[in-house]
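Me: I have a structure open and a few questions about it. Can we go through them one at a time?

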Amino acid sequence: MDETDKIIIKEQIISDIEALKKQIKLLEEKAKPMLPDCSQCDLERSETLIEVELMHKILNGSRIRLAKLENALSQINSPEFGICIVCENDIPLERMKIRPESIRCVACENAKRN
Ligand SMILES: [Zn+2]
């Protein structure tokens with residue numbers, strides 16, 4: 001990965017971090033449980049709880065991705081950046097542009113999942 005590519009990816013990471021932070025803020029607002037205060041609306045209550053639970057799941061996922069992106073940003077000048085931690089091949093630039101937090105190439109990522 002040359003310096004120009006690194007600059008492109010760095011900008012990508014920074015804009016992803018900004019977008020994620022906004023998303024997390026929004027989700028935190030939505031994830032606050034606002035339970036209807038009445039005994040007649042148990043159904044509504046459980047629906048609200050399911051929604052809040054889903055929000056928390058998305059929120060957790062976003063926080064994990066944010067941590068990975070921040071880690072990627074701090075590692076960007078390291079010689080290992082953009083190299084698969086498993087097979088030590090270069091992770092394709094196109095993948096790094098879409099998911100700059102990648103630490104594995106597509107093949108190793110799939111192998112890990114299966
Ligand atoms: Zn690999």
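Me: What is the average pLDDT of the chain?
Reply: This is a predicted model, and the chain averages a pLDDT of 90. Of the residues, 92% score at least 70.

Me: Different topic. Where does Ala67 lie?
Reply: Ala67 is in helix H2, which covers residues 42-75.

Me: Is Ala67 buried or exposed, and why?
Reply: Ala67 is exposed, because 12 other C-beta atoms lie within 10 Å and the cut-off for exposed is 12 or fewer.

Me: How far is Ala67 from Asp16?
Reply: Their C-alpha atoms are separated by 11 Å, although Ala67 and Asp16 are 51 residues apart along the chain.

Me: Now the helices. At what angle do H1 and H2 pack?
Reply: Helix H1, residues 3-30, packs with H2 at an angle of about 155°, and their axes are 9 Å apart. H1 is therefore roughly antiparallel to H2, since angles over 145 degrees count that way.

Me: Is the crossing left-handed or right-handed?
Reply: H1 and H2 make a left-handed crossing.

Me: Which residues meet there?
Reply: From H1 they include Ile13, Asp16, Ile17 and Leu20. On the H2 side, Met55, Ile58, Leu59 and Ser62 are among them.

Me: How many of each class are in that contact?
Reply: The contact of H1 with H2 has 12 nonpolar, 2 polar and 7 charged residues.

Notes
Residues are numbered from 1 along each chain as its sequence is written. This is a predicted model: local features need pLDDT of at least 70, side-chain atom pairs count only at pLDDT 80 or more; totals for chains, interfaces and linings use all residues. Helices (H or I, at least four residues) and strands (E, at least two) are DSSP runs, numbered from the N terminus. A residue is buried if 20 or more other C-beta atoms lie within 10 Å of its own, exposed if 12 or fewer, and partly exposed in between; C-beta atoms are placed from the backbone. Axes are lines fitted to C-alpha atoms, for helices over the stretch in contact, and angles run from 0 to 180 degrees between N-to-C directions. Angles under 35 degrees count as roughly parallel, over 145 as roughly antiparallel, 65 to 115 as roughly perpendicular and the rest as oblique. A crossing is left-handed if the near helix is turned anticlockwise from the far one by less than a right angle, and right-handed if clockwise. Two residues are in contact if their C-beta atoms, placed from the backbone, lie within 7 Å. Ala, Val, Leu, Ile, Met, Phe, Trp, Tyr, Cys and Pro count as nonpolar, Asp, Glu, Lys and Arg as charged, and the others, Gly among them, as polar. pLDDT is the predictor's confidence in each residue, from 0 to 100.
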